[in-house]
Amino acid sequence: MTADSHRPRPVILGQNQYGKAENRVVRITRDGDTHHIKDLNVSVALSGDMDDVHYSGSNAHVLPTDTTKNTVYAFAKEHGIESAEQFGIHLARHFVTSQEPIRTARIRIEEYAWERIATSEGNSQFIGADEVKHSFVRKGQETRTTQITFDGEKWQIISGLKDLVVMNSTNSEFWGYVKDKYTTLKEAYDRILATEVSAKWRYNWTSDDVRMPNWEKSYEQTRKHLLQAFAETYSLSLQQTLYQMGSRIINSRSEIDEIRFSLPNKHHFLVDLEPFGLKNDNEVYFAADRPYGLIEATVIRDGVEPQIPVDMTNL
């Protein structure tokens with residue numbers, strides 16, 4: 001054994017990033033008596049020429065994470081929040097163009113939706129009940145998400161949603177599957193199909209030289225096509241439903257090139273009521289929490305290379 005074999009192998013720094021995570025910012029826009037809410041959870045991650053701070057502790061190239069937090073709130077005032085995507089674009093552009101050591105900014109945003117509370121009729125005893133336009137109830141259907149990445153030249157926008165629970169109470173079957181000595185599941189020719197949709201879709205807008213999409217309309221329409229495809233697909237498997245959802249979005253929205261789904265199968269099992277002398281005619285179910293089947297796949301436009309990381313979804 002030579003002396004060289006006892007020398008420690010060189011150690012180098014790998015990928016690194018830093019920033020302020022989960023900055024909760026609520027922006028109220030007052031249009032006379034009518035108010036509008038944007039409620040975001042913004043996480044900033046910056047990377048670039050950061051070797052020295054890791055090797056020697058020198059902070060000469062470090063923009064404090066507290067400063068990134070302050071920037072989020074200041075930009076909410078200066079730029080407003082037209083959409084989660086547009087707000088993230090403002091932030092990413094600022095960090096990359098204003099700080100030379102920073103080469104790439106990644107902004108992740110969750111948006112929590114609110115809807116206006118419908119108030120009483122005008123003849124209510126409450127004076128001015130028909131004039132209230134500033135009261136809201138938090139929507140519980142889903143959380144909107146987006147991730148904006150900018151390297152000074154190209155943009156990557158991956159938007160989506162999570163926690164959107166959907167169910168078809170019929171028009172779903174599951175049969176003809178592989179059976180071995182451990183298989184106990186009975187074939188189903190009329191079952192409940194339910195899932196909690198987590199979806200990420202990538203926009204083909206990458207350059208400031210091209211007109212960017214209408215982010216709000218795109219989200220609204222993408223969500224609509226997703227739900228319509230789920231409702232209108234006679235499903236022989238959750239995989240089939242997933243593909244129909246993705247293909248309808250790709251075919252309907254020219255600004256989207258790729259979409260990845262993570263669909264946990266929220267199992268509903270028929271309860272055996274025979275011990276009580278009752279017939280269960282697809283009426284009473286036990287909603288199982290776990291374990292659950294997890295179906296994941298990416299649907300892409302033909303000729304496009306997938307870029308959405310497979311680990312951006314649930315598990």
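Colleague: Where is the place of Asn 171?
Modeller: This is a predicted model, in which local features need pLDDT of at least 70, side-chain atom pairs count only at pLDDT 80 or more, and totals for chains, interfaces and linings use all residues. Residues are numbered from 1 along each chain as its sequence is written, and side-chain values use heavy atoms, with hydrogens and water left out. Helices (H or I, at least four residues) and strands (E, at least two) are DSSP runs, numbered from the N terminus. Asn 171 is not a glycine, although its phi is positive at about 60 degrees, and its place is the loop between β5 and β6.

Colleague: Is Asn 171 buried, partly exposed or exposed?
Modeller: Buried means under 20% relative accessible area, exposed over 50%, and partly exposed in between (1.4 Å probe, protein chains only). The relative accessible area of Asn 171 is 39%, so Asn 171 is partly exposed.

Colleague: Which strand holds Asp 163?
Modeller: Asp 163 is not a glycine but has a positive phi of about 65 degrees. With a relative accessible area of 36%, Asp 163 is partly exposed. Its strand is β5.

Colleague: What is the omega of the cis peptide bond between Arg 290 and Pro 291?
Modeller: Pro 291 lies in the loop between β9 (285-287) and β10 (293-300). The bond that joins Arg 290 to Pro 291 is cis, with an omega of about 0 degrees.

Colleague: With which side chain does the side chain of Asp 257 make a polar contact?
Modeller: Asp 257 is in strand β7 and counts as buried, at 11% relative accessibility. Leaving out residues up to four places away in sequence, Asp 257 touches several residues, including Arg 202, Ile 250 and Arg 301 (contact means heavy atoms within 4.5 Å). A polar contact is a pair of N or O atoms within 3.5 Å; within protein, one must be able to donate a hydrogen and the other to accept it, and residues adjacent in sequence count only if both atoms are side-chain atoms. At 3.1 Å, the partner is the side chain of Asn 204.

Colleague: How far does α4 reach from its first C-alpha to its last?
Modeller: The expected span of a helix is 1.5 Å times one less than its number of residues. α4 has 18 residues, and its reach is close to the expected 26 Å. Its buried residues include Trp 215, Tyr 219 and Phe 230, and among the elements covering them are α3 (84-98) and β7 (256-265). From first C-alpha to last, α4 reaches 26 Å.
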